[in-house]
Amino acid sequence: MPFLKHIMSLTMGMLTVSLDAIVANWRTLQSQVGKSVAVSAVIKANAYGLGALRVAPILYDAGCRHFFFATLAEAIAARPSIPLQARCYVFHGVPKNEEALFAEHYLIPVLSSVAAIEQWANWRNKSAENALPCVIKFDTGMTRLGVSASELESLCREGSCLVKANPVMLMSHLACSDEAQHPQNAVQLKVFQKVSNVFRELFPNAKLSLANSGGIFLGREYHQNLVRPGAALYGLHPTVNMNSPIRAVVSLALEVIQLRAISQSVSVGYGATAQANAGQVLAVASGGYADGLHRLLSVKGEGVCCGVRVPVVGRISMDATTFDVTSVPNIKDYLHQSVVELPLMIEVVNDALNLSFISNRNGNLGYEVLTSLASGRYERRYISSSGEGNGSAE
Ligand SMILES: *Cc1c(COP(=O)(O)O)cnc(C)c1O
């Protein structure tokens, strides 16, 4: 597949998403936390760019019953692909006066301020039809979304507002879970335990949830009742340099649209920042920073062509990236072929060049790499044991 261009497409290469690997990662995380802990799936930002409508159903089939979105709009768009037995949550809570949409689509808001909790409690109180529960989020040290620990404690002391809001889960979020040794993890855990004990006295059946992908690997205390992985499902290893059990999910191959034999020293690309010398062969691949590649390849980037590692030469352009393919065996045989018949592809993400590796090397978060790829002008292919399929992913 990397060698032969097996589809002639009008796009810029092939982004392959293994749904099987996503399911395998979900199962790996389930075995990591044990049967008593629920493993949800965070499918916000269109499942980190991979396609929520494709990812959610296969995880439901695998046994996942809790799905998290960031916004109401993305949750409404994906809700029809998830059976009603599963719970779908919206991290960003309720947009002004839109409570009824939560009822209509059977979505559960995550409430992060006292005002939002009061508003939800009032809305529920208005009509017996407004019977939906909510999730309460509180801040244990990240200072992003969530009521403060002391606000939550006073809501618990007062009681009636929380009871009217009907929380089925209490959650918080870790700021440093990808650094196992970071002291902030233990600090946040301690606050979580203290406040959740108070909360549990009022709501003994509510689930407690603290861990994202990284948190799952910090140890049992962090698992609570429900874990919320996103990155690990999609093949991002939660901690740097860990011998991770997480499987790669995404691969990306770009089409070569021009080969060029260099006969004398020349500069390459915008800014003339790189040089090529006589005897070298350069390949221009279709795909550039408009397709998310600036993050992938900007520093010491490389791809794989016919099994050989090939370095990026010069700056990445908006739509094209140049590689030095001199070391690819018999590359000169292709020099005389016309552009449309070039059978070469260059892989820029595969099992060896995985997202964690690329992002470590470039000092960029794998999260950014993954979600940037989603914007690319690629053909998409989904691999799953229940059948392969091309397709756009909404
Ligand atoms: C995005 C998000 C997650 C998932 O985090 P990963 O690091 O991708 O596993 C979990 N919880 C909250 C609140 C989030 O915003």
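Asp 291 is buried, with a relative accessible area of 0%; buried means under 20% relative accessible area, exposed means over 50%, and partly exposed lies in between (1.4 Å probe, protein chains only). This is a predicted model, in which local features need pLDDT of at least 70 and side-chain atom pairs count only at pLDDT 80 or more, while totals for chains, interfaces and linings use all residues. Residues are numbered from 1 along each chain as its sequence is written, and side-chain values use heavy atoms, with hydrogens and water left out.

- Arg 377 forms a salt bridge with Asp 291, and the closest N and O atoms are 2.8 Å apart; a salt bridge here is a side-chain nitrogen of Lys or Arg within 4 Å of a carboxyl oxygen of Asp or Glu.
- This pair links distant parts of the chain, 86 residues apart: Arg 377 is in the loop between α13 (366-373) and β20 (379-383), and Asp 291 is in the loop between β15 (281-286) and α11 (293-297). Helices (H or I, at least four residues) and strands (E, at least two) are DSSP runs, numbered from the N terminus.
- Arg 377 counts as partly exposed, at 36% relative accessibility.
- The side chain of Arg 377 also meets that of Asp 319 in a salt bridge (2.8 Å, N to O).
- Asp 319 lies in the loop between β17 (308-311) and β18 (320-324), and Arg 377 in the loop between α13 and β20, so the pair ties together parts that are 58 residues apart in sequence.
- Asp 319 is partly exposed, with a relative accessible area of 33%.

- Glu 153 counts as buried at 19% relative accessibility, whereas Lys 194 is exposed, with a relative accessible area of 52%.

**Strand β19 and its partner**

- Strand β19 (residues 345-349) is mostly covered, with five of its five residues buried.
- Strand β12 (residues 250-261) runs antiparallel to β19 and is joined to it by four bridges; two strands pair if DSSP finds at least two bridges between them.
- Met 345 in β19 is the bridge partner of Glu 255.
- In a regular strand the side chains alternate between the two faces of the sheet.
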